[in-house]
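I opened a new notebook page for this structure. The entries follow the order in which I looked things up.

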Amino acid sequence: MNTQSFWSALADAPVLSPVQQSVVAEAVARLRAPDTGARFFSRPDLSDAVRHQLIRDTFDRQVLKAMLATPVVTTEHLLAAAEKLGAETVLLDMARSRWDLPDAQLRLVSLLDHAAARRVAETWQHFGPEIREALILAAAREPEELRALTEEGHPLSDADQEKLRAVAKKWHDDVWALLSAEPAARQWPALIADEQSGELITGLLLRRAENIDDPTLLACLRAAFPEDAADDEEDTIWTVFLPLSRLSDVVSRHPRALVLYSSVIGKIASSAAAALFTEAREKGVRGTGWKSLERLADLCTAPGVLQDAADCLAEASAPQWSSRGRHDPEWIAARSAAADALVRNPLCPSAALVALAPFLGAETAARFVGHPDEGVREAVARILEKATEQSMRSVPTTASSPRKRPVHLAVPSDDALAESADPQAALAAFLPLRGTAAQRRETALAILDSRHTTAVHLREIPAVLALSSTAQAAAVAALVQAELGDDATAWEAFQSALHRMVPNATKTVGALIAEAVGSAGLD
């Protein structure tokens, strides 16, 4: 029997007693009649208890949506509906347009998890800064799943660790999707200062944001690295490594941090240096110590500390428990990487460069052949000479052991040469050509391709390569023209020598010019 008309008429009755209201509410909750539900819900004489009864007992979403769209709806009604349908559903289907209930919107947003907050933002699209901030803070709350994994109090299995990483990544991605929306940038300072979520938000901004203005970057640095954070803690290798590592990553991404927060960064670097040097003197340097020294090199702005770091590296020994000690290849490679990092610091003093030179890689050492300090030039020259001798040293071969290929020092790129004090002197370090025929050819071609090449370099290059170079054609022509002048005999000898030259000839441009000039009887 269809009684919908009966209950609809009763819902519109002019007067209903409390008992009658309850009975009609029970019937309306079962009807699939949105209009009837909305009219009955908005009756002025309906008690609040009956309205809550309707919300609790109505399961048809369209009826519930119609009731919650009426003017009599309150924040408590919407929250009651959220307990039944979920805050995300109520926000998007029923509360999104209720700008007359801003408190209800904010309280519903606060019930969302990170994934729901992201979906609401992407679906809603147009909302004010207050809602946006509430969405970000709701998303930034630690997920219950993550909290459950970390609060179990026992070591996590490999599967649990993998799950933890996946949950954390999804959480951070959802928060960042909200933070990186263009309008949210204006709210970053307030979000950084939030007591509960500021730490996560600050970390995401420092790790992921591309463009942060100076005030916001400074606020992030102050939040992530408080000036007095380490005052109450003894500086040891363990207490300084983590902030040093984090700060190095931040400076690598935001170089302006060195200027904006120089006093605190200098303090952290000095504390880390003291702990590192103490550890090195008392226990030797382990792998993490070399990595910390690399991080220190990225942050240090005090030449004195850099000098102490260089002395520490030069005198360092391996930990006593290390079976191989200073002969461990990994230990040696880590020390060399630390030395390379220290010399890359533009404030590294000349005395420190001299102390570090024996531990540099050949390519790094080649950058300093034109250094204005004579001691540095001599130190790197010894390193390059030793590296060249090692590359030329033949290695006996056996039937089971193939001949090892000699190490070849490649000519640095023009950008790398430009970083040295004298790029032309740095290029001259590769002359005269050394190595096998193929290596000499490779070096010569690299020099010919360099924008730092001069006539001094061209004289040392094989003529067959220099005279066929497109990049240096004008420079080679000017050199030959200046040397031979107007002497026809010299030019004839020069042309004759060119005709006789074979493709693999090694005679240099300078030697070719000297022979031509000599044949003409000129000095």
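This is a predicted model: local features need pLDDT of at least 70, side-chain atom pairs count only at pLDDT 80 or more; totals for chains, interfaces and linings use all residues.

Burial. Of its 523 residues, 44% count as buried.

Overall form. I checked the radius of gyration next. The protein has 38 Å, whereas a compact globule of 523 residues would have a value near 24 Å. The C-alpha trace spans about 130 × 60 × 55 Å along the principal axes.

Secondary structure. I counted 32 helices and 0 strands in the protein. I then turned to contacts between residues at least 6 apart in sequence, and found that 64% of these join residues at least 24 apart.

Core. Which residues touch the most other members of the largest nonpolar core? I found Phe40 and Leu293, in a core of 158 residues. Helix α18 (residues 262–283) gives the largest share of this core, 9 residues. I noted the general background that nonpolar side chains tend to be buried together in soluble globular proteins.

Leu293. I listed its contacts, leaving aside neighbours within four places in sequence. Leu293 is in contact with Leu276 and Phe277, with Ala309 and Leu313, and with Ala338 and Leu342.

Aromatic pairs. My count came to 4 aromatic pairs. One of them joins Trp290 and Trp331, whose ring centres are 5.4 Å apart. Trp290 belongs to helix α19 (residues 287–299) and Trp331 to helix α21 (residues 329–344), so the pair ties together parts that are 41 residues apart in sequence. Both Trp290 and Trp331 are buried.

Charges over rings. I looked for charged ends above aromatic rings and wrote down two cases. The charged end of Lys84 sits over the ring of Phe59, at 4.2 Å from its centre. Arg51 lies over the face of Phe41, 5.7 Å from the ring centre.

Cysteines. How many disulfides are there? I counted 0 disulfides. I wanted to see why, and recalled that a disulfide is a covalent bond between the sulfur atoms of two cysteines. The cut-off for the sulfur pair is 2.5 Å. For Cys300, the closest cysteine sulfur is that of Cys348, and 9.3 Å is too far for a bond. For Cys312, the closest cysteine sulfur is in Cys300, at 13 Å, which is also too far for a bond.

Are these two cysteines buried or exposed? Cys300 is buried, with a relative accessible area of 5%. Cys312 is buried as well, with a relative accessible area of 14%.

How values were computed:
Residues are numbered from 1 along each chain as its sequence is written. Side-chain values use heavy atoms; hydrogens and water are left out. Buried means under 20% relative accessible area, exposed over 50%, partly exposed in between (1.4 Å probe, protein chains only). Rings of Phe, Tyr and Trp (its six-membered ring) pair if their centres lie within 6.5 Å; planes under 30 degrees apart count as stacked, over 60 as edge-to-face and the rest as tilted. Helices (H or I, at least four residues) and strands (E, at least two) are DSSP runs, numbered from the N terminus. A charge sits over a ring if NZ of Lys or CZ of Arg is within 6 Å of the ring centre and within 35 degrees of the ring normal. A nonpolar core is a set of buried Ala, Val, Leu, Ile, Met, Phe, Trp, Tyr and Cys residues joined through side-chain atoms within 4.5 Å. Contact means heavy atoms within 4.5 Å. The radius of gyration is taken over C-alpha atoms; the globule rule is 2.2 Å times the number of residues to the power 0.38.
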